[in-house]
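Work through these exercises with the sequence and the model side by side. Try each task before reading its solution.

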Amino acid sequence: DRGECRMSGGGGGGGLISLDDLESVSEEQLSDSTEVEHEETTEEQDRLLNYWTDVARGHQVDVPTDMAEPIQQITSNNDGRHTRERESRTRSSHARRRYCGEVLWEKRQYEKANWACITVYEDTYEQSICYGFMKIMKYICQQNSAGSYLGMTIPIVTVVRTDDAHTTLSRAVTVAYYLPPSHQNDPPRPYDPEILIEHWPGTIIYSRPFAGATNELSIIGEISGLAEVLDSSAVCVNDSFIVAGYTNPAAVNRQNEIWFHERL
């Protein structure tokens, strides 16, 4: 019969259920499922926000509650629908110097590209990258003229400046996000006026990996360390450097690189 479906009950007796009943059950189950998913998403956002808040507190940084959704999107990689794309590098121009299995430095050539950048002037480097990255996260997560999640790329880089002796970092710290290839030709405009879309020309960099926290002391040490092992340090820009982060600022085991620009 088109209007009803015969079901066998667990006790062996026959039961009769109409298609209307089936549709009603499906709608209720769908509604319950949606509510559960919403509750789980909210719980996950709260958990991640609390975690970031605890980490940021150690750097004297306040994480606003409106960061809950961007943090959840970035951390979950938008439910797996987006890959974390790398910046555009030309691998054909690629050299490494090793010693006892350790990478002392690596030379790479990068193509020209558009980056979303914000320069922050907080009291410490850690505060600047935290506040700058949170603003970049909002831009990535729909606060842009495209009105969509742009997708996370790696690394997130920070441009730092030093004094002539390379002993002190300037308060001006630029946090930069490489726009995915799909947005390179027409970068979505940021709603935040402090975020600028900058076109970076092709360049050659010398890099050296390091792990752990990034702060003024560790960065100064990494700058000195790369300068010591580079045979061609004289050809590099010596007042502006890049810290490339391959994990988010709240990660416990952070993977980073220090970059020197080759002088034009």
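**Exercise 1.** Is Cys117 buried or exposed?

Solution. Start with the scale: buried means under 20% relative accessible area, exposed means over 50%, and partly exposed lies in between (1.4 Å probe, protein chains only). Cys117 counts as buried because its relative accessibility is 2%. Next, take Cys141, which is also buried, at a relative accessible area of 7%. Last, look for disulfides, meaning pairs of cysteine sulfur atoms within 2.5 Å. The structure holds zero of them.

Before going on, note that this is a predicted model: local features need pLDDT of at least 70, side-chain atom pairs count only at pLDDT 80 or more, and totals for chains, interfaces and linings use all residues. Residues are numbered from 1 along each chain as its sequence is written, and side-chain values use heavy atoms, leaving out hydrogens and water.

**Exercise 2.** Find where confidence is lowest and where it is highest in the protein chain.

Solution. pLDDT is the predictor's confidence in each residue, from 0 to 100. The chain has a mean of 77, and 68% of its residues reach 70 or more. Strand β1 (residues 4-8) is lowest, with a mean of 38, while β10 is highest, at 97. Then check residues 78-84: pLDDT is below 50 there, and the stretch has 12 contacts in the model beyond near neighbours in sequence. A contact means heavy atoms within 4.5 Å. Residues 90-94 are also below 50, with 11 such contacts. Where pLDDT is low, the predicted coordinates should not be read in detail.

**Exercise 3.** Describe the surroundings of Val159.

Solution. Second, check burial: Val159 is buried, at a relative accessible area of 11%. Third, list contacts outside four places in sequence; among them are Ala172, Thr174, Trp200 and Phe241. Ser240 is another contact of Val159. Ser240 lies 81 residues away along the chain, yet the two C-alpha atoms are separated by 6.9 Å.

**Exercise 4.** Which residues are closest to the centre of the largest pocket?

Solution. A pocket, on a 1 Å grid over the protein atoms alone, is an open set of points where a 1.4 Å probe fits, with protein on both sides within 12 Å along at least five of seven lines; lining residues have an atom within 4 Å of a point. The largest has a volume of about 420 Å³. Of its 24 lining residues, Trp200, Pro201, Thr203, Ile242 and His261 are closest to the centre. Strand β6 (113-120) gives the most to the lining, three residues.

Notes. Points joined across faces, edges and corners; volume = space filled by probe spheres on them. Helix = DSSP H or I, 4+ residues; strand = E, 2+ residues; numbered from the N terminus.
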